[in-house]
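Hello,

Here is the structure I said I would pass on. Please open it alongside this note.

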Amino acid sequence: VQLQASGGGLVQPGGSLRLSCAASGSISMINTMGWYRQHPGNQRELVATITSDGSPTYADSMKGRSTISRDNAKKMVYLQMNSLKPEDTAVYLCTANIRDTRLTNRNYWGQGTQVTVSS
C-alpha cells in the first residue's frame, strides 16, 4: 500500500493550492484520510481529516481557509487551500488508515509535498 501526494509548489500570499493524494496497492478499505504538515525542525501538525463517510475535521490554523474532500472510488483525498499565508509554508503529508487485503489495519503516510508561500 502506498500514498502519493502531489500539488505542492510556490504560491504568493493570498493564493490557493490544491493538494492531491492517491492511495494504491492491496487495499480492502480506506477509513479516515487526512493531511498533516511539518515545518522545519517541528513536529507534524494536523491540518484536516475526513472520515470514510465524508465528515471533515479542521485544525484551527486552517479552518475557514481549507476544504478537505475525498473520492472513494478513485481512492483519493484532496486539500483545497485558500488565502495562503507565509506561515503555511511546510511539507504537507497525507495519511490514511487503510485495511489491506489481508485485513490488517494500519496508518500509512505519503512522502510529502512542499508548499511554499512567498512573494
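This is a predicted model: local features need pLDDT of at least 70, side-chain atom pairs count only at pLDDT 80 or more; totals for chains, interfaces and linings use all residues.

The largest nonpolar core holds 29 residues. Leu-3, Trp-35, Ile-68, Leu-79, Met-81, Tyr-92 and Ile-98 have the most contacts inside it. Seen by element, two or more residues each come from β1 (2-6), β3 (17-24), β4 (27-38), β5 (44-50), β8 (76-81), β9 (90-100) and β11 (113-117). β9 gives the largest share of this core, five residues.

Take Met-81 as a way in. Setting aside neighbours within four places in sequence, Met-81 is in contact with residues including Leu-17, Leu-19, Met-62, Tyr-92 and Val-115. Arg-65 and Ser-66 are also among its contacts.

Next, the sheet. Four strands form an open sheet in the order β1-β3-β8-β7, and the pairing is antiparallel. β1 and β7 (66-71) stand at the edges with a single partner strand each, so one side of each has no neighbour in the sheet. From one strand to the next, the twist averages 15°. Five bridges join β1 and β3 in the antiparallel sense. Ser-6 stands opposite Ser-20 in β3.

Two loop residues deserve a look. Lys-75 is not a glycine, yet has a positive phi of about 60°. Lys-75 sits in the loop between β7 and β8. Its relative accessible area is 31%, so Lys-75 counts as partly exposed. Leu-103 is not a glycine either, and has a positive phi of about 65°. Leu-103 lies in the loop between β9 and β10 (105-109). Leu-103 is exposed, with a relative accessible area of 60%.

Best wishes

Terms used: Residues are numbered from 1 along each chain as its sequence is written. Side-chain values use heavy atoms; hydrogens and water are left out. A nonpolar core is a set of buried Ala, Val, Leu, Ile, Met, Phe, Trp, Tyr and Cys residues joined through side-chain atoms within 4.5 Å. Buried means under 20% relative accessible area, exposed over 50%, partly exposed in between (1.4 Å probe, protein chains only). Contact means heavy atoms within 4.5 Å. Two strands pair if DSSP finds at least two bridges between them. Axes are lines fitted to C-alpha atoms, for helices over the stretch in contact, and angles run from 0 to 180 degrees between N-to-C directions.
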